[in-house]
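Here is a protein to explore together, one piece at a time. Have the sequence and the 3D view ready as you read.

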Amino acid sequence: MRLDLRDIIHIPGSAKDFSGELDLSMVELFGEKPFDRPIAISGTVRNMAGALELTGMARSVLDTRCDRCLRDIAVELSVPVKTLLAEELSNADDPEGDDIVLLDNGQVDLDEIFTTACILSLDSKHLCMEECKGLCPTCGKDLNEGPCSCGKELDPRLAVLAKLLDNKEGSQDKDEEA
């Protein structure tokens, strides 16, 4: 969605509202397509004494899975967006210029701005609940529903330490008998 800003570029104090939907259903991340619902975008571009400032919000619900127990979950997505817009950069060597989006013939591509913001805002992990216990690594039972019958299995890397503890407990028992 392109927004034409030519009517407010040279008028300080003017503003232009926008709203629409963004379809990211074809975006694939980590083998999944999390954006299967449309993303509602809205906001305003204001001319603040010759500088254009875009402020907006992207909202949707992501259908994904809990990274611990693999349950299907819905995660609310609410992404605030704030950026500066310009017709041209005054100083090409300016390190702050990365935060400025250039206009193309007085227009800005809202899809590009909001797509980037939505993807960068995603959490690396999604949980059904903060205290999710996950799945048993041996039998695969969902530990949120209760304990499994596998019993506690010792990590083979810690077996030597377990033997030391057993030996120490055995020697303490002998000391107590003596």
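## A helix across the sheet

In this predicted model, helix α1 (residues 110-121) lies across β2, β3, β4, β5 (72-86) and β6, and runs at about 130° to β5. Helices (H or I, at least four residues) and strands (E, at least two) are DSSP runs, numbered from the N terminus. The angles run from 0 to 180 degrees between N-to-C directions, using axes that are lines fitted to C-alpha atoms, for helices over the stretch in contact. Contact means heavy atoms within 4.5 Å.

With its 12 residues, α1 reaches 16 Å from its first C-alpha to its last, close to the 16 Å expected at 1.5 Å a residue; the expected span is 1.5 Å times one less than the number of residues. At the start of α1, the backbone nitrogen of D111 has a side-chain oxygen of D109 within 3.2 Å. Which residues of α1 are buried? They are L110, I113, F114, T115, A117 and C118, where buried means under 20% relative accessible area (1.4 Å probe, protein chains only).

Now for the strands. An open sheet is formed by 5 strands in the order β2-β3-β4-β5-β6, with mixed pairing; two strands pair if DSSP finds at least two bridges between them. β2 (15-22) and β6 (100-102) stand at the edges with a single partner strand each, so one side of each is left without a neighbour in the sheet. On average, neighbouring strands of this sheet are turned by 30° against each other, direction ignored.

Strand β3 (residues 39-48) pairs with strand β4 (residues 51-65) in the antiparallel sense, over 9 bridges.

## A closer look at L54

L54 has its place in strand β4, and its bridge partner in β5 is T83. Is L54 buried or exposed? L54 is buried, because its relative accessible area is 0%.

Leaving aside neighbours within four places in sequence, the contacts of L54 include F18, T44, V45, V81 and L85, as well as L110, I113 and F114.

## The whole protein

The protein has 2 helices and 7 strands, and along the sequence they follow the pattern β-β-β-β-β-β-β-α-α. Of its 178 residues, 28% count as buried. Among contacts between residues at least 6 apart in sequence, 54% join residues at least 24 apart.

## How to read the numbers

Residues are numbered from 1 along each chain as its sequence is written, and side-chain values use heavy atoms, leaving out hydrogens and water. As this is a predicted model, local features need pLDDT of at least 70 and side-chain atom pairs count only at pLDDT 80 or more, while totals for chains, interfaces and linings use all residues.

Methods
Buried means under 20% relative accessible area, exposed over 50%, partly exposed in between (1.4 Å probe, protein chains only). A polar contact is a pair of N or O atoms within 3.5 Å; within protein, one must be able to donate a hydrogen and the other to accept it, and residues adjacent in sequence count only if both atoms are side-chain atoms.
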